[in-house]
Amino acid sequence: MHIMEAPWEYDVKPFPITDNVWYVGNSQVASHLIDTGDGLVLLDTGWPSTLYMLLESIRDAGFSPAKIRYLLHSHAHVDHIGGTRRMVRKYGCRTMLGEKDLSLLKERRALNLCGYYHCEDVADFEITDPISKNETFRLGSTEFQFVDAPGHTPGTLG
């Protein structure tokens, strides 16, 4: 059965990876929560059908989703952006995505695969902070350095 039909079958309990990085995703798509000391950064929001599990994992790890300041996306496929629209509306998070993937949210929407999974509306959000090649971003005690990793999508980031 597919994760969009039975998301609970893919549930994973959250666990720490390092002192400030937690795994909060499911068994199909990784999501990581980074505690910067000045707010939280969530890497990828997973499928739209797994958002409730993602939020539960964040709470189970001892964090409040309301403290997430940035949603950082590795790329613009539905399994990595699926919960973003709802999180932006509920918590007012800023959003980050590689510049080369911006077109997958608007002009080249078929490439984000939302239509294939019949959830086109999940891609209706704005990227507040597009990321350029070799850019760095600092929040609190954590610095993020981005590198282009094209291939999966034109704007995949590492």
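Predicted model: local features only at pLDDT ≥ 70, side-chain atom pairs only at ≥ 80, totals over all residues.
Visitor: Let us start with helix α3. Which of its residues are buried?

Guide: Burial is read from relative accessible area, with under 20% as the cut-off. In α3, which spans residues 84-91, the buried residues are T84, R85, M87 and Y91.

Visitor: What covers the buried residues of α3?

Guide: Look for the elements packed over them. The cover includes two helices, α1 (51-60) and α2 (78-81). It also includes the strands β4 (40-43), β5 (68-72) and β6 (94-98).

Visitor: What follows α3?

Guide: Check the backbone there. G92 comes after the helix, and its phi is positive, near 70°.

Visitor: α2 is part of that cover. Which residue should I inspect there?

Guide: Take H80, which sits in helix α2.

Visitor: Is H80 buried or exposed?

Guide: Apply the cut-off again. H80 counts as buried because its relative accessibility is 12%, and buried means under 20%.

Visitor: With which side chain does the side chain of H80 make a polar contact?

Guide: With that of D79, at 3.5 Å.

Visitor: Which residues does H80 contact once neighbours within four places in sequence are left aside?

Guide: Setting those neighbours aside shows what the fold brings together. For H80 the list holds V29, D44, T45, G46, H73, S74 and H75.

Visitor: Now the largest pocket. How much space lies in it?

Guide: About 210 Å³.

Visitor: How many residues line the largest pocket, and which lie nearest its centre?

Guide: The lining has 13 residues. Those nearest the centre are L43, L72, F144, F146 and G158.

Visitor: Which strand gives the most to the lining?

Guide: Count lining residues per element. β9 leads with three residues. β3 (32-35) and β9 (142-145) each supply at least two.

Visitor: What is the lining like by class?

Guide: Sort it into nonpolar, polar and charged. There are seven nonpolar residues, six polar ones and no charged ones.

Visitor: L43 is one of the residues nearest the pocket centre. Where is its place?

Guide: L43 lies in strand β4. β4 is also among the elements covering the buried residues of α3.

Visitor: Why is L43 called partly exposed?

Guide: Its relative accessible area is 23%, so L43 falls between the 20% and 50% cut-offs.

Visitor: How far apart are L43 and L72 in sequence and in space?

Guide: Compare the two separations. They are 29 residues apart in sequence, yet 4.7 Å apart from C-alpha to C-alpha. L72 is also in contact with L43.

Key:
Residues numbered from 1 in each chain as written. Heavy atoms only, no water. Buried < 20%, exposed > 50% of the residue type's maximum accessible area, 1.4 Å probe, protein only. Helix = DSSP H or I, 4+ residues; strand = E, 2+ residues; numbered from the N terminus. Contact = heavy atoms within 4.5 Å. 1 Å grid on protein atoms, 1.4 Å probe; cavity = no way out; pocket = protein on both sides within 12 Å on 5 of 7 lines; lining within 4 Å. Points joined across faces, edges and corners; volume = space filled by probe spheres on them. Nonpolar A, V, L, I, M, F, W, Y, C, P; charged D, E, K, R; others polar. Polar contact = N/O pair within 3.5 Å; in protein donor to acceptor, adjacent residues only side chain to side chain.
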